[in-house]
Amino acid sequence: MKLITRFSDGTLAVKLEGEIDEHSVIDIRRRADEAIEAHAFADRAIFYLGGVSFMDSTGIGFLIGRYKKLRRFGIRAYISGPDPTADKILTMSGVYTLIPKINDEEDRL
Amino acid sequence: MKNYMRMELSAIGSNEGFARSTVAAFALPLNPSLAELSDLKTAVSEAVTNCIVHAYASSPAESSLVVIECETEPFLEGEDAGNEGGGIIHIRVRDYGCGIDDVGKALQPFYTTKEDEERSGMGFTIMQTFMDGFKVESEKGVGTTVFMSKKIGLKDGVDA
Ligand SMILES: Nc1ncnc2c1ncn2[C@@H]1O[C@H](COP(=O)(O)OP(=O)(O)OP(=O)(O)O)[C@@H](O)[C@H]1O
Ligand SMILES: [Mg+2]
């Protein structure tokens, strides 16, 4: 699993690539949290899921977990570019009510 | 012709990708669409992950096993089938772990016994949504079996 972060103009961009499951999430959870802590003054964070070729409910837990952490720092969170299956999972679990989906070109990364 | 396979895996996280990819590969002769294949992989991943994180939470991983059985049945045989493909896949995912206290409760959306570990309680709901047939049998201290089936090759879509 690849996790690329970039900070610019108050926005923490987090790009995920690969398959998110119970095994791979351990590493990206730690790295995402490190990036959030290093940019605790950010205004917002965007999770780019365009490179995620697979995710199951572990992805829900990962995103909600990061959302809770970001909220403690007062940082708003957004999701961009999920594939149709991920979109189905995120819609049915209500994730978008906490972390809205936006259309954002990935030029931040 | 019907086709059958059975695999037995150590209940460790690094086997999750192998398990879902193998089931997807086994379903390929039915000509699934990419969307169907993706649904199948997600449902299998949910069932296998549950064995690892719930069933064997307090057992040594090396001796804990997940058994996956699959059976495919094409709708049409021989020349009739042509390139159309299509058929049904039956999947059974079994563990010999702790079992589930109250299956009815476990099946409810957002019900989880592992909220502190970032589980969302959506696994069973996803399996039910992504598959056509779904059933759980569980006995405390004996283990849990998830039965799922899906009709493949019915919908329009991009072939995998
Ligand atoms: N194979 C199993 N053995 C024992 N208990 C299980 C098993 N599968 C599920 N459970 C129980 O059923 C509950 C609901 O399972 P479900 O997959 O729907 O959600 P979850 O695994 O808790 O969270 P998520 O799948 O969203 O990460 C679990 O929290 C667990 O208590
Ligand atoms: Mg689960």
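Thr49(B) is buried, with a relative accessible area of 1%; buried denotes under 20% relative accessible area, exposed over 50% and partly exposed in between, with a 1.4 Å probe and protein chains only. The residue belongs to helix H2 of chain B, residues 34–55. Helices (H or I, at least four residues) and strands (E, at least two) are DSSP runs, numbered from the N terminus. Beyond residues up to four places away in sequence, Thr49(B) touches Glu22(A), Asp56(A), Glu16(B), His54(B) and Arg119(B). Contact here is defined as heavy atoms within 4.5 Å.

The model is predicted: local features need pLDDT of at least 70, side-chain atom pairs count only at pLDDT 80 or more, and totals for chains, interfaces and linings use all residues. Residues are numbered from 1 along each chain as its sequence is written, chains are lettered from A and ligands numbered from 1 in the order in which they are written, and side-chain values use heavy atoms, with hydrogens and water left out. The model scores ipTM 0.93 and pTM 0.94. Chain B averages a pLDDT of 92, and 91% of the residues score at least 70. pLDDT is the predictor's confidence in each residue, from 0 to 100.

Ligand 1 lies between chains A and B. Around ligand 1 are 20 residues, of which His54(B), Thr112(B), Thr113(B), Arg119(B) and Ser120(B) come nearest. A residue counts as near if one of its heavy atoms lies within 4 Å. A polar side-chain atom of Asp95(B) lies 2.9 Å from a nitrogen atom of ligand 1. Backbone atoms also take part. An N or O backbone atom of Gly121(B) is 2.9 Å from a ligand 1 oxygen atom. A polar backbone atom of Met122(B) is 2.8 Å from an oxygen atom of ligand 1. Taken alone, ligand 1 exposes 600 Å², and the protein buries 96% of that. These areas come from the Shrake-Rupley method with a 1.4 Å probe.

The largest nonpolar core has 33 residues. Such a core is a set of buried Ala, Val, Leu, Ile, Met, Phe, Trp, Tyr and Cys residues joined through side-chain atoms within 4.5 Å. Residues with the most contacts inside the largest core include Leu16(A), Phe47(A) and Phe62(A). Elements that each supply at least two of its residues include strand E2 (11–20) of chain A and helix H5 (123–130) of chain B. H2(A) gives the most, with 6 residues. Leaving aside neighbours within four places in sequence, Leu16(A) is in contact with residues including Met1(A), Ile28(A), Leu49(A) and Phe62(A). Another core, of 32 residues, lies apart and includes Met5(B), Val44(B), Ala47(B) and Val93(B).

Technical notes
Polar contact = N/O pair within 3.5 Å; in protein donor to acceptor, adjacent residues only side chain to side chain.
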